[in-house]
Amino acid sequence: MKLIVNAYDVESIEPRAIIHDRDCVEIGVKEGERVQICGKGQYVMIANRSDSVVKKGCILVPKDVIEKIGASEGDEVSVMFSPKPESVRGIRKKMDNQKLTKDEINSIVVDILENKLSKIEISAWLTSLYINGMDIDEIADFTNSMVDTGERIQFERTPVFDFHSVGGVPGNKVTPIVVSIVAAAGLMLPKTSSRAISSACGTSDFVETFCNVELDADSVKRISEEVGGVLAWGGSMNLAPVDDMVISVENPLGINPRAQMLASIMSKKLAIGATHLLVDIPTGPGTKVPTIEMARAYTRDFMELGDKLGMHVECAVTYGDQPVGSAIGPNLEARECIRILEGWDHPSSVIEKACELAGIILEMGGIPNGTEEAERILKSGEALKKFKEIVVAQGGDPNLKADDLKPGKYKLEILSTSSGYVHTIDNKDLVQIARAAGAPGDKGAGLLILKKKGQRVEKGDVIMEIYADVESKCQRAKDMSIRLQPIDIEGMLIEKAGKAIR
């Protein structure tokens, strides 16, 4: 059937085609079923029926869909019924806890890419993975299928080293330090990172405060081969695009299935041509991996999956029960990171973690005594020199200094209401507070944690500083911190017992 296509400008989690009731009857499509819209290209959408929002003889779709089918507003397009894709049977099969074939997995991935599956069907897929999981062969097939949906970077220079943290711990700002040390040692590490989804700051959120992170694949290849390292946002390239589409559904569900997590990470690494990968697994209460037993299970999974994919994988299980360093938030994390490259000797947790991780990669590259060599490269200034080369190659200031990164102009202090020792720090609460202050969108927003676990605190001491670019957000974050009490302070006395005196 021929219909006139027009655009509607309403954002939705799942954009739909709006068609008049009588046209739906003629096409033979019911509410919630699929239609295929054809111009120069074609696109499959879920149909919504209406007798008031759209005129008979017309179809309303989002602007980007009109572009994807190669049409313009007011053009006549073909609209026809589209049957439920075969991949839905594969989803149902996994819901019944059955093993999927390579072709069944590939069919699901391709249909997600081509928008043939509804958000409800993708949610069912993720839920089935969360409940029933996949074995390692299925995950390997899932990974390869996601890689095949996008472009791959083929480096002339090998080996290609990579590094990834599974996340879950705020303030984990070690990536630029690790990349700079490894590149300064003569190895190549093209690092693609993500932006924050539910965290207070992703690596790309703070790296973009001092250089461009939106690089295309050709730029990543050129800079990596010339300089030895890159700090790019993975979303600026078409690497395993189905992964990003699935994450947009996964996040509202609040679930992160093991199979999806493994395939998500490894597909991006495979697409960028990594031959050697180090995975950082922060572990502790409030992280994605709360127990050491779970961390060891993930270690086995990553290494076994690496073998299946032809990639050498090693894992580092790291402490994640409190923030790494003191700073949380884009400008604050960037400043703390660059200060360490400039020679500051604190926070020691950032230095120790960065050198340990970089040391493992150096040893993977055949350089002995990795941690000691990483420490030497950092202290000698070689890492800082390489860091600035990377920054300049990505369009940053060659004279960049840490103190160029300014926190938000609004500041409030959180004082201790008792004396004692810091017993626990709640990572999730800190993330909520930093986001209330405006992070990661407001680059100056964030937190400075002034007292860490085990440190002595006196009543009235400043234990945390809140920074914001907007005054109302600063106050909102302070109110939230008072309500949540993310830093727990206890005395040395746990319990008192004694006999009653008569």
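Biologist: In what order do the six strands close into a barrel?
Modeller: The order is E1-E5-E2-E4-E3-E6, with mixed pairing; strands are DSSP E runs of at least two residues, helices H or I runs of at least four, both numbered from the N terminus. Two strands pair if DSSP finds at least two bridges between them. The twist averages 45 degrees from one strand to the next.
Modeller: This is a predicted model, where local features need pLDDT of at least 70, side-chain atom pairs count only at pLDDT 80 or more, and totals for chains, interfaces and linings use all residues. Residues are numbered from 1 along each chain as its sequence is written, and side-chain values use heavy atoms, with hydrogens and water left out.
Biologist: E3 and E4, parallel or antiparallel?
Modeller: Antiparallel, over five bridges between E3 (residues 34–38) and E4 (residues 42–50).
Biologist: What stands opposite tyrosine 43 in E4?
Modeller: Isoleucine 37.
Biologist: Switching to helices. At what angle do H17 and H18 pack?
Modeller: About 160 degrees, with the axes of H17 (residues 427–437) and H18 (residues 471–484) 7 Å apart. Axes are lines fitted to C-alpha atoms, for helices over the stretch in contact, and angles run from 0 to 180 degrees between N-to-C directions. H17 is therefore roughly antiparallel to H18 (angles over 145 degrees count as that).
Biologist: Which residues of H17 make the contact?
Modeller: Asp429, Gln432, Ile433, Ala436 and Ala437; contact means heavy atoms within 4.5 Å.
Biologist: And how do H10 and H11 cross?
Modeller: At roughly 150 degrees, their axes coming within 11 Å.

Methods. Parallel < 35°, antiparallel > 145°, perpendicular 65-115°, else oblique.
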